Structure formats: C-alpha cells, structure tokens
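This report covers the pockets and helix packing of one protein model. Look at the sequence and the structure first.

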Amino acid sequence: MLPIRLSKDSREPIYHQIEKQLKALIAGGQLTAGTPLPSIRALSKDLEISVITIRRAYQDLEAQGFIETAHGKGTFVKEVHSSRKEETMTASVQVEFERAIRNAIDYDYTADEIKNVFEEILKKLTKGE
C-alpha cells in the first residue's frame, strides 16, 4: 500500500493530491524506476475513492512522464532523470512556501514575523538531527 494521505476538506482536488504525492515519492526516491504501482481498482479500494479519480491521477502522471502502463502487465514507475526529480522537488517546496507565506500575509504578518515563524519551525523540525 502506498503512503498516500488524502484530505477531503482540502480545496485541492483528490486526483491532484494523489498525483502530487506520487510525484513526491518518485522524485524523492522512495519509488524507483520499475516499481509496480497498485492497479487503479486496488488503489481506489485502498483509498476508498472512485476509480475515475485514480485513473485521472495515473493518466496525468503518465502524460508527465513519471509512470508508464504496459497493457496486461500493470503500471510502473518510469525512469526519471535526476534533473527532472530535482526540478519537481523544488517546484513542490516553492508552492508550499508560497501558500504558507500568502496565508501569513493574509493575517497581516510582516516579512520579519514570517521569517521568525519559519526559523522557529525549522529549528523545531531539525532538532532531532
């Protein structure tokens, strides 16, 4: 079973949440080239969502070159060049930072206050290293 967590309360469509998390698993090296992915039906059952939703996520990932489907054999992680993995990780992190910063700005935080919050969280999360 894949470590995918869905938020039904999020504004982000479910298929996009799945797509984003699978991309992160591939770009981060947790899913390597040739790794078989669950069938659309199996993942649909595991996540308790529509087959159509999984199909959409898989189709988008295939169109972007992250996975490939061999008819009669299944769906597999495709070889992704390291520069593409790096680009994917960087873009994902930037989107999340932008979302968080916009949220802080909506609450009228100053740039210095945002930096302080960031530094506090970073310190807390890296303490265990």
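The sections below take the fold, the helix contacts and the pockets in turn.

## Basis

This is a predicted model, in which local features need pLDDT of at least 70, side-chain atom pairs count only at pLDDT 80 or more, and totals for chains, interfaces and linings use all residues. Residues are numbered from 1 along each chain as its sequence is written, and side-chain values use heavy atoms, without hydrogens and water.

## Fold

The protein has five helices and three strands. Along the sequence they run α-β-α-α-β-β-α-α. Helices (H or I, at least four residues) and strands (E, at least two) are DSSP runs, numbered from the N terminus. Along the principal axes, the C-alpha atoms fill a box of roughly 55 × 30 × 30 Å.

## Helix packing

Two packed helices are described by the angle between their axes and the distance between the axes. Axes are lines fitted to C-alpha atoms, for helices over the stretch in contact, and angles run from 0 to 180 degrees between N-to-C directions. Angles under 35 degrees count as roughly parallel, over 145 as roughly antiparallel, 65 to 115 as roughly perpendicular and the rest as oblique. A crossing is left-handed if the near helix is turned anticlockwise from the far one by less than a right angle, and right-handed if clockwise. Contact means heavy atoms within 4.5 Å. Ala, Val, Leu, Ile, Met, Phe, Trp, Tyr, Cys and Pro count as nonpolar, Asp, Glu, Lys and Arg as charged, and the others, Gly among them, as polar.

The axes of H2 (residues 40–47) and H3 (residues 51–63) come within 8 Å and cross at roughly 120 degrees. H2 and H3 are therefore oblique to each other. H2 passes H3 in a right-handed crossing. On the H2 side, Ile-40, Arg-41, Leu-43, Ser-44 and Leu-47 meet Val-51, Ile-54, Arg-55 and Tyr-58 of H3. This contact of H2 with H3 has six nonpolar, one polar and two charged residues.

## H1 and its partners

H1 and H3 have axes that come within 8 Å and cross at roughly 45 degrees. They are therefore oblique, and the crossing is right-handed. H1 contributes residues including Ile-14, Ile-18 and Leu-22, and H3 residues including Ile-54, Ala-57 and Leu-61. The contact of H1 with H3 divides into eight nonpolar, one polar and four charged residues.

The axes of H1 and H4 come within 9 Å and cross at roughly 135 degrees. The crossing of H1 and H4 is left-handed. Lys-20, Lys-23, Ile-26 and Ala-27 of H1 meet Lys-85, Thr-88, Met-89, Glu-96 and Arg-99 of H4. By class, that contact of H1 with H4 has three nonpolar, one polar and five charged residues.

## Pockets

On a 1 Å grid over the protein atoms alone, a pocket is an open set of points where a 1.4 Å probe fits, with protein on both sides within 12 Å along at least five of seven lines; lining residues have an atom within 4 Å of a point. Grid points are joined across faces, edges and corners, and a volume is the space filled by probe spheres set on the points.

The largest pocket has a volume of about 440 Å³. Its lining has 19 residues, with Lys-20, Thr-88, Ala-91, Ser-92 and Val-93 nearest the centre. H1 (14–27) and H4 (82–106) each supply at least two of the lining residues. H4 gives the largest share, ten residues. The lining of the largest pocket divides into seven nonpolar, four polar and eight charged residues.

The second largest pocket holds about 340 Å³. It is lined by 13 residues, and Ala-100, Ile-114, Val-117, Phe-118 and Ile-121 lie nearest its centre. H4 and H5 (111–126) each supply at least two lining residues. Eleven residues of this lining are nonpolar, one is polar and one is charged.
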